[in-house]
Amino acid sequence: MDETLYDAFISYSHRDLKWGRWLQRKLENLHMPREVIRERGSRAKLRIFRDQTDLAGAELQASLNRELTNSRFLIVICSPASAASKWVNEEIQFFCALGRKSRIIPLIVSGEPFSDSPEAECYPPALRSMEGDELLGANIQEIGKDKAALKVASVLLDVRFNRLVNREKQHRRRVAVSASAAGLAVALVTGVLLWRNHTVTQKNHELNYEIYTRALMAYGEKNELSPEDIEILKVSADEGNATAMIYLADCYLNGRGVPADGKMAFSWYEKAAAKEEPQGLVGLGNCYNLGIGTEPDPGKVFELNMRAAQLGDSAAMINVASCYEGGQGVEQNLPEAFRWYGESAKAGNDLGMYHLSRCYMFGVGTERNPEQAFFWTGELAKTGNAFGMYNLALMYQNALGTEENPKEAYRWCRKAAELGEPSAMRMLGWCIENRYGVDNLPLEWYQRAAEAGDEEAKAEIRRITGE
């Protein structure tokens, strides 16, 4: 199995937000056959990336490209809306550029592919260009929602579709038996919910959903926010949407579309934190840390980040570890700092991997272990982190946690340099000047040029190799 962080990345137009949410839940809660669970081991649950749930508002295209790189498959929710979305099309193009064209799974929710009618077309241009290629996907309009989700899962797991269908039927039968005993309680709860919401009409629900969708689109897709965009965010936040609250807090924090106002940023983060929204808790902790809209309070910083960390937020885990390491807001506890850095690293956080490697290298909260430091530096490098690549090159060069390997040192140094890491650029110059780990640099570039069709480069290769 590929050592990627996610089994799949879901690409969709924000008009299809409900489909993205639904599919993520279905796949992450899939009941797998026992044999598949045994084979996957620690990855017994499918891990799915969906940008609006997993990224903060300020993280844009570079972060999405990193998560695409960290995904084995790309699921494209196909509809006329996604066919018109330049963002969906660019995500498909980026995934193809990674050499994973065969791992794209289209899930059609409306419209039709390769249609004669532009209004009905559901494939973005990058998918339409693959006409003739075998795309293993599913069409909800033909086989229904549940079977379509299982069809997608069967591709992700490389398991026969019918096997998953039968497994799901068995699970439903077991659930039906246990659910009958709880029927009365469910009816009572449902009655209470209907009573509490009897004044909210279906029209209002649709309006609130539209406000939410427009707010996310306005925030995520514009460099500048208009007063109308801010008003949309405010209405959505006032309706109780925690994500809109966080976006609005970020606007006030950074002066995006509104004058910068620390107290307003604090207020909206506080409201989101009251809903136990992890990013709201972290944002509020940041206000207490920097004294934004309130007095600094290290104890609050630790408390809020601990709540977010316990909810699974990997950035909050790093903050908790930092508090323990520095004794800020809590008594210094280096083993606890090490533990929380480890939790963040295992959750796939780049910074967590870096700090865990540092702990192992210098014995912070644990026994010094250069081999583990080397392992976690390697994991960091695999995420595409340039600084991790550079550190890995240094470890290969200086035999830290591994044997000296000039070729690997040069390879990782070059990767980091190509991503713009200044220290790696300098080290790469040293490697080339001293022929460290370099076999035949001119030949390599002649070969690249030849592969691109340059006939003169082919002649140079023959001159060097004598072939």
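Predicted model: local features only at pLDDT ≥ 70, side-chain atom pairs only at ≥ 80, totals over all residues.
**Strand β4**

5 of the 5 residues of β4 are buried, so the strand is largely enclosed by the rest of the structure. I then asked which way each side chain of β4 points. Ile104, Pro106 and Ile108 point one way, Ile105 and Leu107 the other way, and all are buried.

Next I looked up the neighbours of β4. β3 joins β4 through 5 bridges, and the two run parallel. Within that pairing, Val76 has Pro106 as its bridge partner. On to β5: β4 pairs with β5 over 2 bridges, again in the parallel sense. There I found Leu107 opposite Ala138 of β5.

**The sheet around it**

How many strands does the open sheet have, and in what order? I count 5 strands in the order β2-β1-β3-β4-β5, with parallel pairing. The edge strands are β2 (48–50) and β5 (138–139), each of which pairs on one side only.

β1 (residues 6–11) and β2 run parallel and are joined by 3 bridges. Ile10 stands opposite Arg50 in β2.

Gln24 sits in helix α1 (residues 17–28). Is Gln24 buried or exposed? Its relative accessible area is 7%, so Gln24 counts as buried, the cut-off being under 20%. The side chain of Gln24 makes a polar contact with the side chain of Arg50, at 2.9 Å.

Helix α6 (residues 86–97) lies across β1, β3 (71–78) and β4 (104–108). α6 runs at about 150° to β3.

Ser85 is in the loop between α5 (80–83) and α6. Ser85 is buried, with a relative accessible area of 12%. What does the side chain of Ser85 reach? One of its polar atoms lies 3.3 Å from the backbone nitrogen of Trp87. I also noted Tyr12: Ser85 and Tyr12 are 73 residues apart in sequence, yet their C-alpha atoms are 8.3 Å apart in space.

**Nonpolar cores**

I then moved to the cores. The largest nonpolar core has 72 residues. Those with the most contacts inside it are Leu248, Trp268, Leu284, Val320, Tyr324, Trp340 and Trp412. Which helix gives the largest share of this core? Helix α14 (residues 242–254) does, with 8 residues. Another core, of 28 residues, lies apart from it; among its members are Ala8, Leu27, Val109 and Ala149.

Leaving out residues up to four places away in sequence, Val320 touches Phe302, Asn305, Met306, Ala309 and Trp340. Several of these names return in the next two entries.

**Helix α17**

I checked the length of α17. Its 13 residues should span 18 Å at 1.5 Å a residue, and the end C-alpha atoms are 18 Å apart, which agrees. The buried residues of α17 are Val301, Phe302, Leu304, Asn305, Met306, Ala308 and Ala309. They pack against α16 (278–290), α18 and α19.

I looked at both ends. At the start, a side-chain oxygen of Asp297 reaches to within 3.1 Å of the backbone nitrogen of Gly299. Just after α17, Gly312 has a positive phi of about 100°.

**Helix α19**

I repeated the checks on α19 (residues 334–346). At 1.5 Å a residue, its 13 residues should span 18 Å; the end C-alpha atoms are 18 Å apart, so the two agree. Which residues of α19 are buried? They are Ala337, Phe338, Trp340, Tyr341, Gly342, Ser344 and Ala345. I read this spacing with the general rule in mind: an α-helix has 3.6 residues a turn, so residues three or four places apart point the same way.

What covers these residues includes α17 (298–310), α18 (314–326), α20 (350–362) and α21 (370–382). At the start of α19, a side-chain oxygen of Asn333 reaches to within 3.1 Å of the backbone nitrogen of Glu336. Gly348 follows α19, and its phi is positive, near 95°.

Technical notes
Residues numbered from 1 in each chain as written. Heavy atoms only, no water. Helix = DSSP H or I, 4+ residues; strand = E, 2+ residues; numbered from the N terminus. Expected span 1.5 Å × (residues − 1). Buried < 20%, exposed > 50% of the residue type's maximum accessible area, 1.4 Å probe, protein only. Contact = heavy atoms within 4.5 Å. Polar contact = N/O pair within 3.5 Å; in protein donor to acceptor, adjacent residues only side chain to side chain. Pairing = 2+ DSSP bridges. Axes fitted to C-alpha atoms, helices over the stretch in contact; angles between N-to-C directions. Core = buried A, V, L, I, M, F, W, Y, C linked by side-chain atoms within 4.5 Å.
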